[in-house]
Amino acid sequence: MTPPTGFTYSPTTLTVDLDAIADNWRILRDRTAHKRAAAVVKADGYGLGLAPVARTLAAAGCDTFFVAHLDAGLELAEIFAGRAPRPRICVMNGLMPGHEPVYAEHDLWPSLNDLGQIDLWRTYCRRVERKLPAALHCDTGMSRTGLDRTEAETVIGEPERLTGIDLRFLMSHMACADTPSHKMNREQQQRFADLSNRLPKPAEGAMLAASSATFLGPDWHFDWIRPGVCLYGVRPNTDGPNPMRPVVSLESKILQVRQIDAPETVGYGASHRVEGPTRIATLAVGYADGYLRSLSNTAKAFVGEAEVPVVGRVSMDLITVDVSGLPQIGPGDSVSLIGPHQDVDAVADQAGTIGYEILTSLGARYARRYIGGAA
Ligand SMILES: *Cc1c(COP(=O)(O)O)cnc(C)c1O
């Protein structure tokens with residue numbers, strides 16, 4: 001008996017609320033006076049599925065998308081094939097020698113991240129006698145991608161280096177925007193404003209803010225914002241309540257319940273020990289599913305309104321929760337791991353990480369259920 005494609009026997013379901021993603025995009029866009037918001041859908045739409053996420057955002061009115069890898073740009077071009085006008089797709093990781101024709105053929109915009117990449121694109125534009133679109137990324141404090149200070153000054157002094165390129169965006173990226181009081185926020189904003197005044201004007205304008213910086217205020221909005229993680233429900237910072245709608249929930253069904261009466265240990269390393277009568281429920285979720293091992297003996301789960309602690313180490317495929325307070329539950333009953341009682345950020349806090357890592361780690365073995373969205 002072969003199950004149909006896409007079918008899974010997995011007892012764990014990841015639910016993605018596409019309407020919430022569309023609402024979150026509108027919430028972010030409407031925080032700016034100019035209402036121009038791109039969407040970052042790198043890493044498979046932050047782990048939630050590039051195609052459903054991108055189609056939902058396009059249906060909500062988003063016409064500009066950012067990915068990290070050229071491969072994702074090609075995948076997205078395929079997803080949007082036939083959609084007119086084709087949403088714009090910008091690849092942030094930068095232009096590699098030999099990839100120029102791929103960008104041109106699929107109408108992808110490379111982010112030009114150093115003088116060599118500018119030169120590559122300009123040479124290619126001249127050769128094919130087309131003024132092709134690109135973004136220019138200037139580093140203002142990440143020391144990661146983008147033109148460094150010296151390179152930016154070179155372009156300011158020799159603007160003809162951009163001649164023949166259809167410059168669409170000037171961009172940079174914030175280092176500390178999730179900490180609103182951090183002094184680097186203003187420093188980067190000023191450095192970027194100065195660069196955008198002195199560099200050749202891009203057709204679409206300047207963009208600095210990702211999710212968190214969108215909440216720093218209008219000075220950070222420039223002409224476009226470029227949010228990612230907040231689209232998927234993660235909080236922009238730890239100051240006050242999360243203004244975003246939750247997007248993901250994770251539910252699993254109990255595989256087995258063990259009644260323990262004498263002193264006994266639970267899981268690898270015997271890191272949890274029970275002394276008296278205890279009920280331990282086992283769930284088919286493990287670190288191979290992105291349920292991080294650092295959640296061992298720390299995370300919480302919920303059965304209805306009742307909180308049940310994760311006890312013992314997270315294994316590759318299994319976790320154990322203490323359900324002693326719930327004598328009535330058994331195999332097949334649902335346990336919520338991410339949901340109304342604890343969001344992605346709460347789980348990230350328990351794991352000692354950030355919502356980004358929880359989302360992008362969510363495993364391939366879960367059943368995936370998409371609700372809402374553009375069908
Ligand atoms: C990831 C990324 C974004 C989106 O950041 P979020 O914090 O997820 O909103 C924007 N710009 C660049 C350059 C990025 O790497």
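**Cavity, ligand and pocket**

User: Starting inside the protein: which residues line the largest cavity?

Analyst: This is a predicted model. In it, the largest cavity is lined by L250, G290, Y291, L292, L295, I338, V347, I358, L362 and Y366.

User: How do those lining residues divide by type?

Analyst: Nine are nonpolar and one is polar. None is charged.

User: How much space lies in that cavity?

Analyst: About 50 Å³.

User: And how many cavities of 30 Å³ or more does the structure hold?

Analyst: One.

User: How much space lies in the largest pocket?

Analyst: About 470 Å³.

User: How many residues line the largest pocket, and which lie nearest its centre?

Analyst: The lining has 26 residues. Nearest the centre are K42, R144, H173, M174 and A210.

User: How does the pocket lining divide by type?

Analyst: There are 15 nonpolar residues, seven polar and four charged.

User: Which helices each supply at least two residues of that lining?

Analyst: Helix 2, spanning 42–46, and helix 9, spanning 211–214.

User: Which helix gives the most?

Analyst: Helix 9, with three residues in the lining of the largest pocket.

User: Back to the ligand itself. Which residues come nearest to the ligand?

Analyst: There are 13 residues around the ligand. K42, Y46, S211, G228 and Y356 come nearest. K42 also belongs to the group nearest the centre of the largest pocket.

User: How does that shell around the ligand divide?

Analyst: Seven residues of the shell are nonpolar, three are polar and three are charged.

User: Now H173 and its side chain. Which ligand atom is 3.3 Å away?

Analyst: A nitrogen atom of the ligand, with an N or O atom of the H173 side chain at the other end.

User: What about the side chain of R226?

Analyst: The R226 side chain has an N or O atom 2.9 Å from a nitrogen atom of the ligand.

User: How much of the ligand's area does the protein bury?

Analyst: The ligand taken alone exposes 380 Å², and the protein buries 91% of that.

Definitions and conventions: Residues are numbered from 1 along each chain as its sequence is written. This is a predicted model: local features need pLDDT of at least 70, side-chain atom pairs count only at pLDDT 80 or more; totals for chains, interfaces and linings use all residues. Side-chain values use heavy atoms; hydrogens and water are left out. On a 1 Å grid over the protein atoms alone, a cavity is a set of points where a 1.4 Å probe fits but cannot get out, and a pocket is an open set with protein on both sides within 12 Å along at least five of seven lines; lining residues have an atom within 4 Å of a point. Grid points are joined across faces, edges and corners, and a volume is the space filled by probe spheres set on the points. Ala, Val, Leu, Ile, Met, Phe, Trp, Tyr, Cys and Pro count as nonpolar, Asp, Glu, Lys and Arg as charged, and the others, Gly among them, as polar. A residue is near a molecule or strand if one of its heavy atoms lies within 4 Å of it. A polar contact is a pair of N or O atoms within 3.5 Å; within protein, one must be able to donate a hydrogen and the other to accept it, and residues adjacent in sequence count only if both atoms are side-chain atoms. Accessible areas come from the Shrake-Rupley method with a 1.4 Å probe; for residues, only the protein chains shown count as cover. Helices (H or I, at least four residues) and strands (E, at least two) are DSSP runs, numbered from the N terminus.
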